[in-house]
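The following report describes the architecture and the side-chain packing of one protein chain.

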Amino acid sequence: SANASCARAGVSSLQRENPLVCYAFCMLLRKHLSGGEILSVEQMGSDRVIAFTVKNRNDLREEGIKVLYCEIMGKYSNVILTENGKILGAIKTASLDEASKRVVMPNFPYAPPPAQDKTDFTDLAALTQTLRAFSGGDLGEFLFSRVKGFSYPTAKELAVCTFGADVRPSLSEE
């Protein structure tokens, strides 16, 4: 789902009834992914981008590889289907006129979302330095705005589980 308030990605074995009328993107996914085999599911770095790699056959029975990118980033969330690095379709498209950072249109090369100027949580030295800059206030908001890969609810939950409260004094004072 690329819904701004509840973006998510998942795989389910639950059978649902197909609607009589489908969105164009749903039809595109059916055409390119139905009957396919999921080869891999990868998180792109520590970003909130998941790549589903699927092997399938086209109308001429030729084997091909498609990648479905699920970008889970609040109001900028999107689901993009690619083949050989080119976009086949997306839930939310953006032309060069509309988007200042990247084009999300069919037949254009797929480019990942622009890198954020945030600390990677796997870099312990940088993470320690970032946490030392905390001077009090909402730790969840602090983590969300400065550490890559966290949504606000996740950062808030981490703050509560780790320290027992949303608001803490400066970490450098402890």
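## Aromatic pairs

Phe 144 is partly exposed, with a relative accessible area of 25%. The model in which this residue is described is a predicted one. Tyr 152 likewise counts as partly exposed, at 27% relative accessibility. Lys 118 is placed over the face of Phe 144, and its distance from the ring centre is 4.8 Å.

The count of aromatic pairs in the model comes to 3. One of them is the stacked pair of Tyr 69 and Tyr 110, with 3.9 Å from centre to centre and 10° between the planes. Tyr 69 belongs to strand β3, whereas Tyr 110 lies in the loop between β5 (86–90) and β6 (119–120), so the pair ties together parts that are 41 residues apart in sequence. Tyr 69 is buried, with a relative accessible area of 14%, and Tyr 110 counts as buried at 15%. Phe 144 and Tyr 152 form an edge-to-face pair, because their ring centres are 6.0 Å apart and their planes stand at 80°.

## The sheet and its order

An open sheet is formed by 5 strands in the order β1-β2-β3-β4-β5, and the pairing is antiparallel. Its edge strands are β1 (37–43) and β5, each of which pairs on one side only. On average, neighbouring strands of this sheet are turned by 25° against each other, with direction ignored.

Helix α1 packs on the sheet and touches β2, β3, β4 and β5. The direction of α1 makes about 40° with that of β4.

## Strand pairing and hairpins

Strands β1 and β2 pair in the antiparallel sense over 6 bridges. Within this pairing, Ser 40 has Thr 53 in β2 as its bridge partner, and Gln 43 stands opposite Ile 50 in β2. The hairpin of β1 and β2 has 5 residues between the strands, and Gly 45 takes a positive phi near 60° there.

The antiparallel strands β2 and β3 are joined by 9 bridges. Arg 57 has Glu 63 in β3 as its bridge partner. These two strands form a hairpin with 5 residues between them, and Arg 61 in the turn has a positive phi of about 65°. Strands β3 and β4 also pair in the antiparallel sense, over 6 bridges, and Leu 68 stands opposite Leu 81 in β4. In the hairpin of β3 and β4, 6 residues lie between the strands, and Gly 74 in the turn has a positive phi of about 60°.

## The nonpolar core

The largest nonpolar core has 10 residues: Ala 2, Phe 25, Leu 28, Leu 33, Phe 52, Val 54, Leu 68, Cys 70, Val 79 and Leu 81. At least two residues of this core come from each of α1 (24–33), β2 (49–57), β3 (63–71) and β4 (78–83). Helix α1 gives the most to this core, with 3 residues.

Strand β3 is largely enclosed by the rest of the structure, because 7 of its 9 residues are buried.

## An exposed position on the helix

Lys 31 is situated in helix α1. Is this residue buried or exposed? With a relative accessible area of 54%, Lys 31 is exposed, because the cut-off for that class is over 50%. The C-alpha atoms of Lys 31 and Thr 130 are separated by 46 Å, and the two residues are 99 residues apart along the chain.

Terms used. Residues are numbered from 1 along each chain as its sequence is written. This is a predicted model: local features need pLDDT of at least 70, side-chain atom pairs count only at pLDDT 80 or more; totals for chains, interfaces and linings use all residues. Side-chain values use heavy atoms; hydrogens and water are left out. A nonpolar core is a set of buried Ala, Val, Leu, Ile, Met, Phe, Trp, Tyr and Cys residues joined through side-chain atoms within 4.5 Å. Buried means under 20% relative accessible area, exposed over 50%, partly exposed in between (1.4 Å probe, protein chains only). Helices (H or I, at least four residues) and strands (E, at least two) are DSSP runs, numbered from the N terminus. Rings of Phe, Tyr and Trp (its six-membered ring) pair if their centres lie within 6.5 Å; planes under 30 degrees apart count as stacked, over 60 as edge-to-face and the rest as tilted. A charge sits over a ring if NZ of Lys or CZ of Arg is within 6 Å of the ring centre and within 35 degrees of the ring normal. Two strands pair if DSSP finds at least two bridges between them. Axes are lines fitted to C-alpha atoms, for helices over the stretch in contact, and angles run from 0 to 180 degrees between N-to-C directions. Contact means heavy atoms within 4.5 Å.
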